[in-house]
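The points are grouped by topic.

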Amino acid sequence: MTDSTPGPTHLAPPEAIGGLRRQRLQWARLYFVCDARPHGDDPEALLNAAMSGGAGMIELRDREHPRNVIERSGHTFRRLANTYGALFIVNDDPHLALELRADGVHVGQDDMSPAEARRIMGPDAIIGLSTHSREQIEAAANEPVDYISVGPIWETPTKEGRPATGLDLIREAAEIAGRAWFAIGGIDTENVDQVTSAGAGRLCVVRAIRDAADPRAAATTLFDAVDPAARAERRR
């Protein structure tokens, strides 16, 4: 009988995993959040497009599908993240993250506390936290998190009921965040220059890639907007 258990998360020895994950976080400029069955399809093609276009982090966020469907897709996320040397994050469920051998978990202000997520996942895991105000950005400095998201800049159906923060919060984050942070909320290939001009050096998107006619091209455009080498080339 063939063993279908997923392979090791990384080729590095166990004692190096935390450092490798954090190095990958520092490299990541584009973060793609995706549900288990985007548009009812298997996620593999879309994830391939996103990561080949520059996404260095992928997150499985799904509160609609049955657990077995989410788990099955999660194994695809893990396998492809390994292939591309990307980070695989699970939304709001550290127990599922451990089951899927994810690199970490992302929690919101109203979800499990970062401290509890850290306790469950251990010191080597990547922990992310959503922030929506200057006060929350400042408070995150005292939490056991590796990165934060900042927004939503513009209102978005993926965060229904969450008021937009506007670009001013991006400007504040650029001054005070003090750690890796990702601008999020309504960002796409048409408005990304506004976001980077406000000070964002990392982006987190859902629809801009998931709903694009050409997801790889969309990912490439977004990545180029925040890639330091690409930006330097444009300014020459």
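In β2, Leu60 is the bridge partner of Cys34. From β1 the chain passes through α2 to β2, a β-α-β crossover that is right-handed. The model is a predicted one.

**Strand β1 and its partners**
- β1 and β2 run parallel and are joined by four bridges.
- β1 also runs parallel to strand β8 (residues 203-205), with three bridges between them.
- On the β8 side, Cys204 is the bridge partner of Tyr31.
- Five of the five residues of β1 are buried, so the strand is mostly covered, burial being under 20% relative accessible area.
- Side chains in a regular strand alternate between the two faces of the sheet.
- In β1, Leu30, Phe32 and Cys34 point one way, while Tyr31 and Val33 point the other way.

**Helix α2**
- Helix α2 spans residues 44-52, and its buried residues are Leu46, Leu47, Ala49, Ala50 and Met51.
- These buried residues pack against two strands, β1 (30-34) and β2 (57-60).
- They also pack against the helices α3 (67-84), α9 (207-210) and α10 (215-226).
- Gly54 follows α2 and has a positive phi, near 130°.

**Nonpolar cores**
- The largest nonpolar core has 56 residues.
- The residues with the most contacts inside this core are Phe32, Ile148, Trp181, Ile187, Ile209 and Leu222.
- Leaving aside residues up to four places away in sequence, Phe32 touches a set that includes Leu46, Leu47 and Ala50.
- Other residues touched by Phe32 include Met57, Ile58, Val205, Val206 and Ile209.

**Arg118**
- Arg118 lies in helix α5 (residues 114-121).
- Arg118 has a relative accessible area of 16%; because the cut-off for burial is under 20%, Arg118 is buried.
- The side chains of Arg118 and Asp146 are joined by a polar contact of 2.9 Å.
- The Arg118 side chain also reaches the backbone oxygen of Pro144, at 3.2 Å.
- Not counting residues up to four places away in sequence, Arg118 touches Arg22, Pro123, Ala125, Ile127, Pro144 and Asp146.

Methods: Residues are numbered from 1 along each chain as its sequence is written. This is a predicted model: local features need pLDDT of at least 70, side-chain atom pairs count only at pLDDT 80 or more; totals for chains, interfaces and linings use all residues. Side-chain values use heavy atoms; hydrogens and water are left out. Buried means under 20% relative accessible area, exposed over 50%, partly exposed in between (1.4 Å probe, protein chains only). Contact means heavy atoms within 4.5 Å. Two strands pair if DSSP finds at least two bridges between them. A crossover is right-handed if, with the strands pointing away from the viewer, the path from the first strand over the helix to the second runs clockwise. A polar contact is a pair of N or O atoms within 3.5 Å; within protein, one must be able to donate a hydrogen and the other to accept it, and residues adjacent in sequence count only if both atoms are side-chain atoms. A nonpolar core is a set of buried Ala, Val, Leu, Ile, Met, Phe, Trp, Tyr and Cys residues joined through side-chain atoms within 4.5 Å.
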